[in-house]
Amino acid sequence: MTTPPDAQARRAVAPVLVYPPDTLDPPDLTAYRNARSQARKVSEVVVQPREGGCFRAGAGQFFRITSVEGPQVGDLNLWAANDLSERFFSGKTRALHGTHVGTGDRLWSCLPYLRPMATIVEDTLDWYGFDQYGGGVHDVIGTRCDPYTHRLLSGGEYHHCCHSNLTRALAGETGLPVTEAEGHVHDVLNVFMCTGFRRDTGQYFMKASPVRPGDYIEFLAEIDLLGALSACPGGDCSSTHSSDAAACFPLLVEVFEPADGALRGWSSPEPNGYSRRHRD
Ligand SMILES: [Zn+2]
């Protein structure tokens, strides 16, 4: 390999944002919070350690994920409640909002729907920002721990990776066979997980989550949602995952219904309007 003589000049070219912040209309967080202040709780699910659980939130309802008992990371999947082919699109959410999401960011659905599925209304870990290692909280860069990668790297069998927990939870909720449910499981929002990339090597890293019991992240469901959450076997993901070695704790999911008419001016977004002709 030879380095070209103008290598430094090429590297010195200034970057431009692919999707500048003014690309998207911001959500009306004030209206969302006003509606939330009068909302009443309609359901809750406790996701047990190293297990998954499903919940449903209708368009215009709020759902909150809370750390209880001890620091714990959660892996979140979202589908349109009436169509599992519309699911959370981690990659485009990352492109639009960055590697880690927080208050005001949205979780987008896959092509060809590409609409907001949920909007983050409150995040008690917004204060974390990015640390000295480049780590941040709630990433859309990881995929989910899974038994295939585990087998590839260790040769063993482990059935409580987030991929399997989400698969079992979806199968239980929908009645689908596990092998069919598995095909609907997708790249996650890593709730409460603290991750980043090393600047020198580009390698993906994790570190102990700053989450503490009582911390939560709350969303407005922009469309009717079916959600699945796994309490990752990595616990706070400070050292290991894909095993029973880490201390793990439950996660609480609560759904809240605002008062009639409280979300004035809001309407559930339609699927993306592109014609899908793909040619002139
Ligand atoms: Zn996991």
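**Exercise 1. Is Arg50 buried or exposed, going by its C-beta neighbours inside 10 Å?**

Before you start, keep in mind that you're working with a predicted model.

*Solution.* 
- Step 1: Find the residue. Arg50 sits in the loop that links β1 to β2 (52–57).
- Step 2: Count. Arg50 has 22 C-beta neighbours inside 10 Å.
- Step 3: Compare with the cut-off. A residue is buried if 20 or more other C-beta atoms lie within 10 Å of its own, so Arg50 counts as buried.
- Step 4: Check the backbone too. Arg50 has a phi near 60 degrees, which is a positive value in a residue other than glycine.

**Exercise 2. Work out whether His138 and Ser239 are buried or exposed.**

*Solution.* 
- Step 1: Take His138, which belongs to strand β8 (residues 136–139). It has 27 C-beta neighbours inside 10 Å, so His138 counts as buried.
- Step 2: Look at the phi of His138. The value is near 65 degrees, again positive in a residue other than glycine.
- Step 3: Now go to Ser239, in the loop between β12 (225–231) and β13. Here you find 12 other C-beta atoms within 10 Å. The cut-off for exposed is 12 or fewer, so Ser239 is exposed.
- Step 4: From Met1 to Ser239 you go 238 residues along the sequence, and the two C-alpha atoms are 37 Å apart in space.

**Exercise 3. Describe the open sheet of 6 strands: what is the order of its strands, and which ones stand at the edges?**

*Solution.* 
- Step 1: Read across the sheet. The order is β1-β13-β3-β11-β7-β6, and the pairing is antiparallel.
- Step 2: Find the edges. β1 (40–47) and β6 have a single partner strand each, so one side of each is left without a neighbour in the sheet.
- Step 3: From one strand to the next it averages 25 degrees.
- Step 4: See what packs on the sheet. Helix α2 (residues 29–37) does, and it touches β3, β7 (116–123), β11 (216–221) and β13. The direction of α2 makes about 75 degrees with that of β7.

**Exercise 4. Follow the pairings of β3 and β11: how many bridges join β3 to β11?**

*Solution.* 
- Step 1: Start with β3 (residues 62–67) and β13 (residues 251–257). These two are antiparallel, with 6 bridges between them. As an example to look up, Thr66 is opposite Leu252 in β13.
- Step 2: Move on to β11. It runs antiparallel to β3, and 5 bridges join the two. Here Arg64 faces Glu218 in β11.
- Step 3: Carry on to β7. The pair β7 and β11 is antiparallel as well, with 5 bridges. Thr119 has Leu220 in β11 as its bridge partner.

**Exercise 5. Which residues of β11 point one way, and which the other way?**

*Solution.* 
- Step 1: Sort the residues. Tyr216, Glu218 and Leu220 go one way, while Ile217, Phe219 and Ala221 go the other way.
- Step 2: Check the burial. All of these residues are buried; in other words, 6 of the 6 residues of β11 are, and the strand is mostly covered.

**Exercise 6. Why do the buried residues of α3 line one face of the helix?**

*Solution.* 
- Step 1: List them. In helix α3 (residues 90–97), the buried residues are Ser90, Thr93 and His97.
- Step 2: Look down the axis of α3. The buried residues fall within an arc of 65 degrees, so they line one face of the helix.
- Step 3: Ask what lies over them. The cover includes β6 (106–108) and β9 (189–197).
- Step 4: Look just past the end of α3. Gly98 has a positive phi there, of about 110 degrees.

**Exercise 7. Find the peptide bond between Leu111 and Pro112: is it cis or trans?**

*Solution.* 
- Step 1: Locate Pro112, in the loop between β6 and β7.
- Step 2: Read omega. For the bond from Leu111 to Pro112 it's near 5 degrees, and the bond is cis.

**Exercise 8. Now zoom out: how does the radius of gyration of the protein chain compare with that of a compact globule?**

*Solution.* 
- Step 1: The protein chain has 6 helices and 13 strands, and 41% of its 280 residues count as buried.
- Step 2: Compare. A compact globule with 280 residues would have a radius of gyration near 19 Å, and the protein chain has 20 Å, which agrees.
- Step 3: Along its principal axes, the C-alpha trace covers about 65 × 50 × 40 Å.

Methods
Residues are numbered from 1 along each chain as its sequence is written. This is a predicted model: local features need pLDDT of at least 70, side-chain atom pairs count only at pLDDT 80 or more; totals for chains, interfaces and linings use all residues. Helices (H or I, at least four residues) and strands (E, at least two) are DSSP runs, numbered from the N terminus. The arc is that of the directions from the helix axis to the C-beta atoms. Two residues are in contact if their C-beta atoms, placed from the backbone, lie within 7 Å. Two strands pair if DSSP finds at least two bridges between them. Axes are lines fitted to C-alpha atoms, for helices over the stretch in contact, and angles run from 0 to 180 degrees between N-to-C directions. The radius of gyration is taken over C-alpha atoms; the globule rule is 2.2 Å times the number of residues to the power 0.38.
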